[in-house]
Amino acid sequence: MKKYLLINGPNLDMLGVREPDVYGLRTLDDLEQMMREYAKEKGVGLECFQSNHEGALIDKLHAAHWAKFDGIIYNPGAHTHYSYALRDAVAAINVPVVEVHLSDISTREEFRHVSVIAPECVAQIKGKGFAGYKEALDVLIEHAY
Ligand code: DQA
């Protein structure tokens, strides 16, 4: 069975509380539950991970390489816009990564327009809310990277 990893970065543990006008009222638990069910429907395995710490996220990305995950759905949160360490971690591993954002980062504040991580990802999905995560799993399953 193919297995995928869902990683959510900093502040995404605050979904449901955090800026609900931007991110909605559903929680990280809701998101992970939805994705577990979707993965089951698709006949694939899914592990979920969230951290607010850059080093823990780097370690998880490295571990995904050795654990031979078939793909990673990754919302890097604000790290998207400045973390070259996370970009390098994505580049270092032999696992395809799809970058996901709940909001449309290209129409928000200017500092959000740039993703330093996206160039190392196979796709970027933004502005589709929770549905974007499902689309990311579809992309990973459908394309044999
Ligand atoms: C986000 C967008 C980022 O700019 C922000 O820092 C986040 C969430 C999104 O999902 O829309 O934490 O990645």
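**Salt bridges in a predicted model**

**View 1. Arg108, Glu109 and Arg112 form a linked network of salt bridges.** A salt bridge here is a side-chain nitrogen of Lys or Arg within 4 Å of a carboxyl oxygen of Asp or Glu. The model is predicted: local features need pLDDT of at least 70, side-chain atom pairs count only at pLDDT 80 or more, and totals for chains, interfaces and linings use all residues. Residues are numbered from 1 along each chain as its sequence is written, and side-chain values use heavy atoms, with hydrogens and water left out. Between Arg112 and Glu109 the N to O distance is 2.7 Å. Arg112 is buried at 13% relative accessible area, whereas Glu109, at 37%, is partly exposed (buried, under 20%; exposed, over 50%; partly exposed, in between; 1.4 Å probe, protein chains only).

**View 2. Asp138 and Lys42 meet in a salt bridge of 3.3 Å, N to O.** Asp138 belongs to helix 5 (residues 131–142) and Lys42 to helix 2 (residues 28–42), so the pair ties together parts 96 residues apart in sequence. Helices (H or I, at least four residues) and strands (E, at least two) are DSSP runs, numbered from the N terminus. Asp138 is buried, with a relative accessible area of 17%; Lys42 is partly exposed at 36%.

**View 3. A salt bridge joins the side chains of Arg87 and Glu120 (3.7 Å, N to O).** Arg87 lies in helix 4 (residues 84–92) and Glu120 in the loop between strand 4 (97–101) and strand 5 (123–126), so the contact ties together parts 33 residues apart in sequence. Arg87 is partly exposed at 24% relative accessible area, and Glu120 is partly exposed at 33%. The whole structure contains six salt bridges.
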